[in-house]
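The sequence and structure come first.

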Amino acid sequence: MSNDTFLAVYLGGGKTGSRMAAWNALPEAERRAKEQQGMAAWGAWVEKHHDVIVEMGGPLGKTKKVGTDGTTDIANLMTGFTVVRAPSHEAAAKLFENHPHFSIFPGEAVEIMPVLPIPGR
């Protein structure tokens, strides 16, 4: 049985990444115009793919790491997520080609991975 559920994780370059630095260097009016353009493009992407979006997801906040040594605040490059259904990993990845996350906004990339069944279930 093949799995058709995929997790897409939106990645940024961090607060000091070159794309974020260029974004922050834009004049405020230009940055706001790009934000509006980006939100419209993101909405159009959602509308185009609404039939395969399982969970819209959303932006991610600060991260806490919990391990054997306790809980610590950490930073990573994950900025958001979406869950989609597709007939293959390649088809799922194709959904995110030229996504507004990085084609308009200062995001770096989107990583897409299959959600695998829990072993033994």
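## Lining of the largest pocket

Strand β5 contributes the most to the lining of the largest pocket, with five residues. At least two lining residues each come from α1 (18-25), α2 (28-49), β2 (53-59) and β5 (78-85). Helices (H or I, at least four residues) and strands (E, at least two) are DSSP runs, numbered from the N terminus.

In total 31 residues line the pocket, and Met20, Leu60, Met78, Thr79 and Gly80 lie nearest its centre. A pocket is an open set of points on a 1 Å grid over the protein atoms alone, where a 1.4 Å probe fits, with protein on both sides within 12 Å along at least five of seven lines; lining residues have an atom within 4 Å of a point. The volume of the largest pocket is about 870 Å³.

## Basis of the model

The model is predicted: local features need pLDDT of at least 70 and side-chain atom pairs pLDDT 80 or more, while totals for chains, interfaces and linings use all residues. Residues are numbered from 1 along each chain as its sequence is written, and side-chain values use heavy atoms, without hydrogens and water.

## Aromatic rings

There are five aromatic pairs in the structure, counted when ring centres of Phe, Tyr or Trp (its six-membered ring) lie within 6.5 Å. Trp23 and Phe105 form a tilted pair, 5.7 Å centre to centre with 50 degrees between the planes; planes under 30 degrees apart count as stacked, over 60 as edge-to-face and the rest as tilted. Because Trp23 is in helix α1 and Phe105 in the loop between α4 (100-103) and β6 (109-114), the pair ties together parts 82 residues apart in sequence.

Technical notes: Grid points are joined across faces, edges and corners, and a volume is the space filled by probe spheres set on the points.
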